[in-house]
Amino acid sequence: MAKAINWPQEFYDEVVSEDMDSLRIAIRPGSIYFDNGYFTDNEVIDIRINHKIARKGLIFGDMQLLKIKELLDEDLAKYKKSLQDKASVISFLSKNYNQQINEESSVTLITYKNLEAVPPDEDDDPHM
């Protein structure tokens, strides 16, 4: 199975309608992805919604390790529409990852571009 960025179901419509020209970001709590060099520049990945492939993506550049307070407005503009301010990011990450997150929390920033959409396939992940 390819490496993936997984989004909750609530982002399905947004993910499948995003263009293939703009840079996007994913933010993950902590440094585990960063420390292990999990995503590499120009790597093709799956963009998943609730663990089902919605489209392909292309990693753009190196991951960054930042504190939430260090996220720039230009970074947040590449995030999901409902998550473009630090308070929303903190709330989403806290809820989605069941962790205490605040402005001092370290996060890994993953930049990518969307590639082609993938037709829905109910059985793309046999482990789910």
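## Charges over rings

Arg-28 lies over the face of Trp-7, 5.2 Å from the ring centre. Lys-3 is placed over the face of Tyr-38, at 4.8 Å from the ring centre. A charge sits over a ring if NZ of Lys or CZ of Arg is within 6 Å of the ring centre and within 35 degrees of the ring normal.

## Basis of the values

This is a predicted model, in which local features need pLDDT of at least 70 and side-chain atom pairs count only at pLDDT 80 or more, while totals for chains, interfaces and linings use all residues. Residues are numbered from 1 along each chain as its sequence is written, and side-chain values use heavy atoms, with hydrogens and water left out.

## Aromatic pairs

The whole structure holds six aromatic pairs (ring centres within 6.5 Å, taking the six-membered ring of Trp; planes under 30 degrees apart are stacked, over 60 edge-to-face, the rest tilted). Phe-11 and Phe-92 are edge-to-face, because their planes stand at 80 degrees, with ring centres 5.7 Å apart. This pair links distant parts of the chain, 81 residues apart: Phe-11 is in the loop between strand E1 (4-7) and helix H1 (12-17), and Phe-92 is in helix H4 (residues 86-97). Helices (H or I, at least four residues) and strands (E, at least two) are DSSP runs, numbered from the N terminus.

Phe-11 and Phe-92 are both buried (under 20% relative accessible area; exposed is over 50%, partly exposed in between; 1.4 Å probe, protein chains only).

## Tyr-38 and Phe-39

Tyr-38 and Phe-39 also pair edge-to-face, at 4.8 Å centre to centre and 85 degrees between the planes. Tyr-38 is partly exposed at 31% relative accessibility, whereas Phe-39 is buried at 4%.
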